[in-house]
Structures are given as C-alpha cells and as structure tokens.
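Hi,

Here is the structure I promised to pass on. Have a look at it first, then read my notes below.

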Amino acid sequence: MTDQPQLPFGTFDAFGPALDVVDQLAGPVADALKNWDDREAARSVLYVDTDPEKADTAVFCETYGVPPEASANCVVVAAKRGGGTTLAACLALATTRVDVNRAVRRHLEARKASFAPMDTAVAASGMEYGGITPVGLPADWPLLVDEAVAATPYVLVGSGRRRGKLILPGRVLAGLPGAVVLPDLAG
C-alpha cells in the first residue's frame, strides 16, 4: 500500500486506495469495489490496515486516534412480517444507537425487528462478524443510513473482515445500492 493518499483522520501505519488491496477484503466487498458503476466513488474508498484484536469500536478509536463521531457501525437486523423475515443493514455513528424497535420496524413495515443472530449475519453477508460493512451487502437488502452518517465528511466502517477498515465520504455511503437515508434511525 502507499502513503500517498491523505488520511482525513487517524494514525495508521499502512493505508491506501481500497482498490489496490482487494485481495485483503472480504469477497463481497472486493467484488462491490471492482464492479461499482460509480468509479469515482470506488476510488474514494481508502483501506487502513489494523490489528483484528483491536477491532471493537472503543478500543479501535483509542488505539488509532479515530474520533468516535467519525466511526460508524453497520448492524444487521431481522425484520419479521407475516411469515417472512427480511434482513437489512443499518449504519449509524458509533456515538449513537440504532432505534430498532421504532425507526427500523416502522421503515421496514415489520411486526417485529431485532438484531440478527451472529451466524445469520455472517452467513448472509459473506463477511466476518465485527467487520460487516455496507459496501458489498446483498443487493436485495435494504441499507438504512442515519442522516448523521451521510452528513459526515469521512466515515470509518468495517472492511468485511476484522482486520482492516474502510474510510470513505458519508455521501458515498448514502449513495450505495439500496441505501435510504433516515433522519431518525439513531439517537
């Protein structure tokens, strides 16, 4: 990787364009970046190499000097309606919590919504637990993005693996396939 791109925040030993290191990303993430119709958006994504033992948000932010308000968590939700279950992803800043019981349930018109079990989230996304990212999610999943994420100049999210993270503009996250920006998703 190269140190030529400018990092918007944090102190990382190794970083560079994510397109240069697709072999270090989860398969669905690498495929999404390589096949993204918006090539400018794909090129805006940076990859930072990190210790997987320090992947949890609070430890990560402290270790790498990342402001928590520039870090976002992607959680997988299971929404039940009738006899079926819909999986969706929710993206909110690390300083907030996704309102699953009201905002998510209401938006997905579900009778009940809850965090998906870990094994379900991992199997359905093709990503590692603790590294699930909105880039490369299954095409049929709704992606609910809190408006604060969309408004953040640069946001750190998972890479699809516990090792490494992605940094990209909030507006790019809001433009991902299936993304819907919601004003009341998190609080």
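Start with helix α3, residues 57-64: its buried residues are Phe60, Cys61 and Tyr64. They sit on the same side of α3, because they cover an arc of only 95° around the axis. Keep in mind that this is a predicted model. What covers these buried residues? Part of the cover comes from β7 (155-158) and β8 (165-168). On the face of α3 turned away from the buried side you'll find Ala58 and Glu62, which are exposed. Just after the helix, Gly65 takes a positive phi of about 65°.

Another positive phi turns up at Glu109, about 50°, although this residue is not a glycine. Look for Glu109 in the loop between α4 (100-107) and β5 (112-115). Glu109 is exposed, with a relative accessible area of 52%.

Now for the salt bridges: searching the whole structure gives six. Here are some to click on:

- Arg106 and Asp184 meet through their side chains, 3.3 Å from N to O. Arg106 belongs to helix α4 and Asp184 to the segment after β9 (179-182), so the pair ties together parts that are 78 residues apart in sequence. Arg106 is exposed at 51%, while Asp184 is partly exposed at 34%.
- Asp31 pairs with Lys34, with the closest N and O atoms 4.0 Å apart. Both are in helix α1 (residues 27-35), three residues apart, or about one turn of the helix. Asp31 is partly exposed at 41% relative accessibility, and Lys34 is partly exposed at 45%.
- Arg102 and Asp99 form a salt bridge too, at 3.4 Å from N to O. Arg102 is exposed, at 54% relative accessibility.

Cheers

Conventions
Residues are numbered from 1 along each chain as its sequence is written. This is a predicted model: local features need pLDDT of at least 70, side-chain atom pairs count only at pLDDT 80 or more; totals for chains, interfaces and linings use all residues. Side-chain values use heavy atoms; hydrogens and water are left out. Buried means under 20% relative accessible area, exposed over 50%, partly exposed in between (1.4 Å probe, protein chains only). Helices (H or I, at least four residues) and strands (E, at least two) are DSSP runs, numbered from the N terminus. The arc is that of the directions from the helix axis to the C-beta atoms. Contact means heavy atoms within 4.5 Å.
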